[in-house]
Amino acid sequence: MEFRFKKRPRTDVKIEVVSLESKYPHNVMMYYYPPTDDIHIEEFEELALERLRLLRVLERAGTKGLRLLSEEWKEYVNAELTREGLRSYLRLCSPGGASGQGSKHESEIQTRRRDYLSHFILRLAYCRSEDLTRWFVAREMELFRYKFAALSSAEVKLFLEENDFKFQPLTESEKDEVKDGLYESTAGQSVSKIELLDFYKVPFTQVLDLVRGRRCYLKEGFAYVNTHDLVSIVGTKQQEIIEMGLLASKGLIDEVEGDERISRMLKALHNSYTGKDYTVCRDAAVAIESLNQLSKTSMPLCMRMCHEHIRAQHHVKHGGRMQYGLFLKGIGVTLEDSIRFWREEFTKKMDADKFTRSYEYNIHHNYGKKGSMVNYTPYSCSKIIKEMAAPGDCHGCPYKSVDPATLKTKLASYGLSTSHIEEVMFFVSRGHYQIACGKYFMLTHNSNVEPTINHPNTYFEESQILMGNRQKRTAGSMPLKTKPRPDIKGHADRSMFNGDDDDELWKIAETQERAYQSQKDISEAFNDDLDLTDITF
């Protein structure tokens, strides 16, 4: 018997290569479709934290009572984005560059890509509860409005065409027919500027917020909306897309959480600290002999009260030792001085042998010299605020844990006047503990600028800079005598992530320290690629 094998006809599969500029042609995108990019899991985390920093800047602007898109709001947001090293995102919110015409610098295209990917990554983290969803949608819509407000009339027209909005600007003859109504209904613009604006005729039901605020001209069931106010319609559509996407993501949470590499990070993302890392102290060492004075001039209330408790009681429980001990490490107290500080205090109540047996090992451990060899990071404000202090403890956030009457007495003993105390307590009563800390900083330093306090070591650093004891570190500055640690492995390329705003060498060192501490259990998985096509957003 003879068998003949019939060959199957060979079909060549053509893979269409789409350029990044074609995939991400505009600064303002509607987030219709989930991305199909393949990304490394480390970049997955970086994108999530980067966008979280961006959204938190917008949140801080709101807590300061600044009106969205006002000049004061823009000034604050622009300054904060620059300070956070997010100037690339700032360019997305700046006039020009929104259309896909002409050649674009690679960094701008990469920023659009990061913007798109990071939005969908955060959907996975913020679809988990109603409160998280509400926060995420509010911040995303603020960002969308900021980016849309930067578009020119020509860019708005192109945006509408690309996203299939069936709106056309009025012709000159159509505009002349209703020009009197346009002049009367367009507030804050001169006649000459109104004549240069494009107006769109839309059903009034699509812009009820403008109708309610009397910010458009109505005639025969139609509203005449100028280019800048068109965001009312477009924004409504964008919000619907985001909300529907969050619902779809929520239905697939179980599937996403099957990957241990990302489930832990997504669950903890909202409470993650995204500010500067203080694991590695860049500045000169702080002598323990100066701590008494520094506690009065440069320590936030949480650390000042810890210091005073230790000096008075010559002992502190584990939570207080961790909170204050890591803070001291972050401001520049060496391991040897730290051991000396704790020994001098504790041996006023116990013998030296007991201190060595019970406490000295933990100090070595915090500095990464014993045990798992992890160089621990000082606690951030978010972590301290979440701490639940028991009676007799001194750690935690005093603005949250100390009762108002006792807190007022404590502030008065530190020299604050009654009116100043009320200023601080105003924010305390509303649960804005970090803003209350910033107000305390202003009052005790006679400063006109309220710093953004999200870490006790940030408070200390800003205080020392204001007092002239330390210099504010600028882009590219790095002490010549200090070099990045040669034993840190996995030097990832973060130049695109950080831009040119940060000290690159120090950023590599600090990021790797933090990564080893918080995610050493998944570090081996960083060698694998995470395919976003496996995740349905």
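Biologist: What is the average pLDDT of the protein chain?
Modeller: The average is 81, and 82% of the residues score at least 70. This is a predicted model, in which local features need pLDDT of at least 70 and side-chain atom pairs count only at pLDDT 80 or more, while totals for chains, interfaces and linings use all residues. Residues are numbered from 1 along each chain as its sequence is written, and side-chain values use heavy atoms, with hydrogens and water left out.

Biologist: How many helices and strands are there in the protein chain?
Modeller: The protein chain has 27 helices and five strands. Both are DSSP runs numbered from the N terminus: helices are H or I with at least four residues, strands are E with at least two.

Biologist: And how much of the chain is buried?
Modeller: Of the 537 residues, 49% are buried. Buried means under 20% relative accessible area, exposed means over 50%, and partly exposed lies in between (1.4 Å probe, protein chains only).

Biologist: Which residues have the most contacts inside the largest nonpolar core?
Modeller: They are Val77, Tyr126, Phe144, Phe148, Phe159 and Leu160, in a core of 69 residues. The largest share of this core, ten residues, is supplied by helix H2 (residues 41–63). A nonpolar core is a set of buried Ala, Val, Leu, Ile, Met, Phe, Trp, Tyr and Cys residues joined through side-chain atoms within 4.5 Å.

Biologist: What does Phe148 touch?
Modeller: Not counting residues up to four places away in sequence, Phe148 touches Val28, Val156, Phe159, Thr227, Leu230, Val231 and Val234. There is also a second, separate core of 56 residues, with Cys302, Leu328, Met350 and Ile384 among them.

Biologist: Where does Val333 lie, and is Val333 buried or exposed?
Modeller: Val333 is in the loop between helix H17 (318–331) and H18. Val333 counts as buried because its relative accessibility is 2%. Leaving aside neighbours within four places in sequence, Val333 is in contact with Val286, Ile288, Leu291, Leu328, Ser338 and Tyr367. The C-alpha atoms of Val333 and Ala284 are 9.0 Å apart in space, although the two are 49 residues apart in sequence.

Biologist: Turning to charges, how many salt bridges does the structure hold?
Modeller: The structure holds 30 salt bridges, each a side-chain nitrogen of Lys or Arg within 4 Å of a carboxyl oxygen of Asp or Glu. One of these joins the side chains of Arg51 and Glu140 at 2.8 Å, N to O. Arg51 lies in helix H2 and Glu140 in helix H6 (residues 130–149), so the pair ties together parts that are 89 residues apart in sequence.

Biologist: Are Arg51 and Glu140 buried or exposed?
Modeller: Arg51 and Glu140 are both buried.

Biologist: What about Arg340: which residue is its partner in a salt bridge?
Modeller: Arg340 pairs with Glu289, the closest N and O atoms being 3.0 Å apart. Arg340 is in helix H18 (residues 335–346), whereas Glu289 is in the loop between helix H14 (260–268) and helix H15 (291–297), 51 residues apart. Arg340 is partly exposed, with a relative accessible area of 28%, and Glu289 is exposed, at 55%.

Biologist: Which residues are linked in a network of salt bridges?
Modeller: The network links Arg53, Arg60, Glu80, Arg83 and Glu84.

Biologist: Finally, which residues make the nonpolar surface patch of about 250 Å²?
Modeller: Phe204, Leu208 and Leu218 make that patch. Patches are made of residues with over 30% relative accessible area and no salt bridge; like charges are joined within 9 Å, and nonpolar side chains (Val, Leu, Ile, Met, Phe, Trp, Tyr) within 5 Å. Accessible areas come from the Shrake-Rupley method with a 1.4 Å probe, and for residues only the protein chains shown count as cover. Phe204 lies in the loop between strand S2 (199–203) and helix H11 (208–212). Phe204 counts as partly exposed, at 35% relative accessibility.

Terms used. Contact = heavy atoms within 4.5 Å. pLDDT = per-residue confidence, 0-100.
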